[in-house]
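Take a look at the structure below.

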Amino acid sequence: MRDTLLIALFAFLGAAAAGLLGACVLLLIRRRSLTAHLAVVAGVAVTAMLAGTMAVAQAMFLSAHDLSVVTTVVAMAAVVSMVTALLLGRWVVARSRELTLAARSFGDGGDFAAPDGPATAELAALSRELEATSVRLAESRDRERALESSRRELVAWISHDLRTPLAGLRAMAEALEDGVAADPDRYLKQIRTEVERLNDMVGDLFELSRIHAGALTLSPSRVSLYDLIGDALAGADPLAREHGVRLVGDRVEPVPVEVDGREMSRVLGNLLINAIRRTPADGTVAVAARRSTEGVVLSVTDGCGGIPEEDLPRVFDTGWRGTHARTPPAGAGLGLAIVRGIVEAHRGSTTVRNVTGGCRFEVTLPATEG
């Protein structure tokens, strides 16, 4: 037992010395290729075995012949280990370089395509992660292009919508100033109307900027959709009468929701105004609310005749107003974008789809227990 412990001690000391030397070498070449690191590791393994064997041989006074045999065996093992380490290192480095070149492609705006052929588990996992990142970057680029397009459209529409009332205000102000207005009271009433229109537009822009900046502060409270919809229908009734549109709200369940009453009233108001303006005279705008498996669903159905299928994904984009035939005189393409922003701030979602004779806007909100 004592001889065994001595052999183990001498073998450990010899191997530890080789391991310490190998660690120092690895520290010095830490910025070199993986092939060099694998070669050092293989060399350390063989050297540790050889050093331990030599230490035991010296302590036990082995014969020169026995020591030569052991050394020859270890040398052959060292050759095989070094060749294997070099081959493995070159293969891993080659795969890494292929992965680097593939990763460079989607960094330049392309899509990532994983190199063909086998790879280690780590490199395969890295390839999968790079593929997922490439997909997310492509989606992000698409969203950025869509947002940039929406911004350009918004600036164009806002410039157009501001120029028209401002020109009218200037003309009416000059007429009043020069005393050539045939009916000053009518001019003053028209000026007030245009100012209110501009004020509403500025209010929409401010609301949208708060939503995009994440500065929309909600004060949620438990309310009934029945009451919210009743108030919204009462507020939209004058506009509906002006356009000859019937408002229907007889399919509203008294479902409780936890929302900011003021902001949700704005959502309902924007949806109703949008529906009324796009529904022809003698048409109907129907409002409904029900509980579903996804939550509480509020819907507004109009009689606009439908939206082209290719335009449906853009309905809630900032500044989008569709075709000229669907563009109201006073719209700036902000109402539905504000609807989506407020609903998403409530952790809800908005959708639109075509139905017979028109389209249906749906707002889904988280359900409230009780």
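The report covers the model, its cores, a helix pair and a loop residue.

## The model

This is a predicted model: local features need pLDDT of at least 70, side-chain atom pairs count only at pLDDT 80 or more, and totals for chains, interfaces and linings use all residues. Residues are numbered from 1 along each chain as its sequence is written, and side-chain values use heavy atoms, leaving out hydrogens and water.

## The cores

A nonpolar core is a set of buried Ala, Val, Leu, Ile, Met, Phe, Trp, Tyr and Cys residues joined through side-chain atoms within 4.5 Å. Buried means under 20% relative accessible area, exposed over 50%, and partly exposed in between (1.4 Å probe, protein chains only).

The largest nonpolar core has 48 residues. Those with the most contacts inside it include Ile229, Val267 and Phe361. Helices H5 (184-212) and H6 (225-243) are among the elements that give two or more residues to this core. H6 gives the most, with eight residues. Helices (H or I, at least four residues) and strands (E, at least two) are DSSP runs, numbered from the N terminus.

Val267 touches Val339, Ile342, Val343 and Val363, not counting residues up to four places away in sequence. Contact means heavy atoms within 4.5 Å.

## A helix pair

In H5, Asp204, Glu207, Leu208 and Ile211 meet Ala337, Ile338, Gly341 and Ile342 of H8.

## A loop residue

Ile307 sits in the loop between S5 and H8. Ile307 counts as buried because its relative accessibility is 4%. Its C-alpha atom is separated by 9.6 Å from that of Val355, 48 residues apart along the chain.
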